[in-house]
Amino acid sequence: MDPLTILAGIKLGSSVLSTLGGLSQGSEDAAAQRLAAERAEANARAALRKGESDAGMVRRQAGRVMGQQRAAIAQSGLGFGGTNSALALESAQNMETDVTNTRMEAALRAADHMDQARQLRQQASNTQKASYLGAGANILSTASRFYGG
């Protein structure tokens, strides 16, 4: 067999292996990015669950404080009207504000995780496309070397 033909076959084989390697690496990278996106989505769900748990804890703690306030008001003998009533109302409003803030913080953390997941999915798509484009460019380059001279 002609040495130039053998050399051309080796170069062609090398180019094919390089193309397949690039496709494989692109697929692996994209799969890793999709997995990271799934983890980010799981973190978003966990942030929401934790937010609800924290909101419950805020309610329980505020309930204990409000109970102590009611007991102190009752023990004072001054009654539940006037200033004491305003104090109890303010405590209840503060509790609701704290609960709302706790939920909002959890929603913001979850939104950050979901945004990260969207970005990772886009990166995975771009990585996969780039590997296909790289493989196509490699094939065209190899073909032009063999058929173009």
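1. **Before you start.** The model is predicted, so local features need pLDDT of at least 70 and side-chain atom pairs count only at pLDDT 80 or more, while totals for chains, interfaces and linings use all residues. Residues are numbered from 1 along each chain as its sequence is written, and side-chain values use heavy atoms, leaving out hydrogens and water.

2. **A nonpolar patch on the surface.** Look for Leu-12, Val-16, Leu-17, Leu-20, Phe-146 and Tyr-147, which form a nonpolar patch with about 660 Å² of accessible area together. Patch members have over 30% relative accessible area and no salt bridge; nonpolar side chains (Val, Leu, Ile, Met, Phe, Trp, Tyr) are joined within 5 Å, and like charges within 9 Å. Accessible areas come from the Shrake-Rupley method with a 1.4 Å probe, and for residues only the protein chains shown count as cover.

3. **Where the patch comes from.** Two elements give two or more residues to the patch: helix 1 (3–76) and helix 2 (82–147). Helix 1 supplies the largest share, four residues. Helices are DSSP runs (H or I, at least four residues), as strands are (E, at least two), and they are numbered from the N terminus.

4. Are Leu-17 and Ser-131 buried or exposed? Leu-17, in helix 1, is exposed, with a relative accessible area of 62%. Ser-131, in helix 2, is buried at 9%. The cut-offs are under 20% relative accessible area for buried and over 50% for exposed, with partly exposed in between (1.4 Å probe, protein chains only).

5. **What surrounds Ser-131.** Leaving aside residues up to four places away in sequence, Ser-131 touches Gly-22, Leu-23 and Gly-26; a contact means heavy atoms within 4.5 Å. Ser-131 and Ser-24 are 107 residues apart in sequence, yet 8.3 Å apart in space, C-alpha to C-alpha.

6. **Another pair to find.** Ala-111 is in helix 2 and is partly exposed, with a relative accessible area of 38%. Between Ala-111 and Leu-48 there are 63 residues in sequence and 9.6 Å in space, again from C-alpha to C-alpha.

7. How many salt bridges does the structure hold? There are five, each being a side-chain nitrogen of Lys or Arg within 4 Å of a carboxyl oxygen of Asp or Glu. In one of them, the side chains of Glu-41 and Arg-121 meet at 3.1 Å, N to O. This pair links distant parts of the chain, with Glu-41 in helix 1 and Arg-121 in helix 2, 80 residues apart. Glu-41 is partly exposed at 21%, and Arg-121 is partly exposed at 33%.

8. **A second link.** The side chains of Arg-59 and Glu-96 also form a salt bridge (2.7 Å, N to O). Here too, distant parts of the chain are linked: Arg-59 is in helix 1 and Glu-96 in helix 2, 37 residues apart. Both residues are partly exposed, Arg-59 at 32% and Glu-96 at 34%.

9. Asp-115 pairs with Arg-118, and their closest N and O atoms are 3.9 Å apart. Because the two residues are three apart in helix 2, about one helical turn separates Asp-115 and Arg-118. Asp-115 is partly exposed at 34%, whereas Arg-118 counts as exposed at 52%.
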